[in-house]
Amino acid sequence: KNQHSEKVDVDFDVVVACTGFEMDFSWISTSNPTTIKLDPNPRTWFKHCFPPGPLGEHLAFVGFARPHQGGIPQCAEMVSRYIAQLRVGNLKLPSNFAEIAKKEGIAESECYHLAPNNKLVVDYLAYMISVAKLVGCAPKVPENPIDMIKYWTFPMWPCFFRTQGVGANPTAANSVLNKFGPFDSLAPMPLLAVEIGFSFCMPFVNFFSYCFNQMKIIPQSVTGADTEKSLPFLYRWRMSMVQILYQNSLSLEDFKVVPVQWTAATMVLGYKLTESLKSITSSILSL
């Protein structure tokens with residue numbers, strides 16, 4: 001249909017469908033192929049970017065972190081900021097980056113066990129937070145109640161990662177966020193009701209899980225050895241994977257966000273109740 005919703009017929013010479021592609025790095029050669037090889041599995045790469053071995057110190061791949069929600073460009077931008085800090089000498093790769101990547105890959109495989117062949121998929125927020133911690137640009141926790149609602153309900157856009165730290169530009173970040181009202185990104189009912197309910201109860205689940213964080217659960221079929229431990233106790237019951245994947249282990253520091261979460265949820269609840277009362281009152285008066 002065209003812009004006037006009218007059906008139109010258009011002829012095309014060729015239609016290219018972006019399907020059926022495979023990961024192929026045979027075009028990348030090394031000075032010693034027998035000892036220095038590129039593992040084509042991004043889950044063995046540190047942050048889906050730096051392959052294990054000597055190659056990881058000289059070679060970086062961007063765009064191989066594909067969120068199951070969110071966008072590839074956002075993740076690509078974040079890891080590119082990390083690469084930039086490495087290149088200018090402000091940061092260094094962890095000495096055991098290959099080992100870290102292996103552990104993170106095992107945890108990813110368990111979380112996404114229903115899609116075992118998709119090695120690119122990541123959890124958007126968990127991935128972004130983990131790389132942001134390396135860069136030094138984790139989002140600033142807001143103090144203003146209106147900003148709390150946006151922090152809680154809006155997608156974690158890249159502008160949130162410009163509020164403080166390396167590469168900060170609060171003016172630009174606020175110019176984006178201020179284009180929207182605090183209630184512009186609310187989920188539809190009944191999903192919003194579920195989200196509000198989880199917001200009040202999840203801190204208790206997280207705290208219980210934190211207290212028993214030494215208890216690990218991961219199927220033998222994923223790791224190949226039942227001695228390999230990866231994911232924390234009750235991980236399936238958590239609303240978010242932020243404190244689970246990519247070395248983002250839950251700490252007492254994370255509970256500082258709970259007041260923000262509860263404040264935002266309370267204000268959203270009040271807003272929806274007020275809207276409902278106005279609607280009921282309007283209906284009664286119109287009778």
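Colleague: Is Trp157 buried or exposed, or partly exposed?
Modeller: Trp157 is partly exposed, at 26% relative accessible area. Buried means under 20%, exposed means over 50%, and partly exposed is in between, with a 1.4 Å probe and protein chains only.

Colleague: What kind of model is this, and how are residues numbered?
Modeller: It is a predicted model, where local features need pLDDT of at least 70, side-chain atom pairs count only at pLDDT 80 or more, and totals for chains, interfaces and linings use all residues. Residues are numbered from 1 along each chain as its sequence is written, and side-chain values use heavy atoms, leaving out hydrogens and water.

Colleague: Back to rings. How many aromatic pairs are there?
Modeller: Rings of Phe, Tyr and Trp (its six-membered ring) pair if their centres lie within 6.5 Å; planes under 30 degrees apart are stacked, over 60 edge-to-face, and the rest tilted. That rule gives 16 aromatic pairs. Take Phe154 and Trp157: their ring centres are 5.4 Å apart and their planes sit at 55°, so this pair is tilted.

Colleague: And Phe154, buried or exposed?
Modeller: Phe154 is buried, with a relative accessible area of 6%.

Colleague: Which residues form one aromatic cluster?
Modeller: Phe25, Trp45, Phe61 and Phe64 do.

Colleague: New topic. How many helices and strands are in the protein chain?
Modeller: The protein chain has 8 helices and 2 strands. Both are DSSP runs numbered from the N terminus: helices are H or I with at least four residues, strands are E with at least two. The order from the N terminus is β-α-α-β-α-α-α-α-α-α.

Colleague: Where does Ser130 lie?
Modeller: Ser130 is in helix α3, residues 124-135. Ser130 is buried, at 4% relative accessible area.

Colleague: What does Ser130 touch?
Modeller: Leaving out residues up to four places away in sequence, Ser130 touches Lys47, Tyr246 and Asn248. A contact means heavy atoms within 4.5 Å.

Colleague: How many salt bridges does the structure hold?
Modeller: A salt bridge needs a side-chain nitrogen of Lys or Arg within 4 Å of a carboxyl oxygen of Asp or Glu. The structure has 5 of them. One joins Glu108 to Arg43, with the closest N and O atoms 3.2 Å apart.

Colleague: Where do Glu108 and Arg43 lie?
Modeller: Glu108 is in helix α2 (residues 97-111) and Arg43 is in the segment before β1 (66-67), so the pair ties together parts 65 residues apart in sequence. Glu108 and Arg43 are both buried.

Colleague: What do the side chains of Glu77 and Arg162 do?
Modeller: They meet in a salt bridge, 3.2 Å from N to O. This pair links distant parts of the chain, 85 residues apart: Glu77 is in helix α1 (residues 72-87), Arg162 in the loop between α4 (145-153) and α5 (170-177). Glu77 is partly exposed at 32%, and Arg162 is partly exposed at 26%.

Colleague: Which residue forms a salt bridge with Lys272?
Modeller: Glu275 does, with the closest N and O atoms 3.3 Å apart. Lys272 and Glu275 are 3 residues apart in helix α8 (residues 258-285), which separates them by about one helical turn. Lys272 is partly exposed at 25%, and Glu275 is partly exposed at 35%.

Colleague: Zoom out. What share of the protein chain do buried residues make up?
Modeller: Buried residues are 34% of the 287 residues. Among contacts with a separation of 6 or more, 68% come from residues 24 or more positions apart.

Colleague: What does the accessible surface come to?
Modeller: About 17600 Å² for the protein chain, 58% of it belonging to carbon and sulfur atoms. Accessible areas use the Shrake-Rupley method with a 1.4 Å probe; for residues, only the protein chains shown count as cover.
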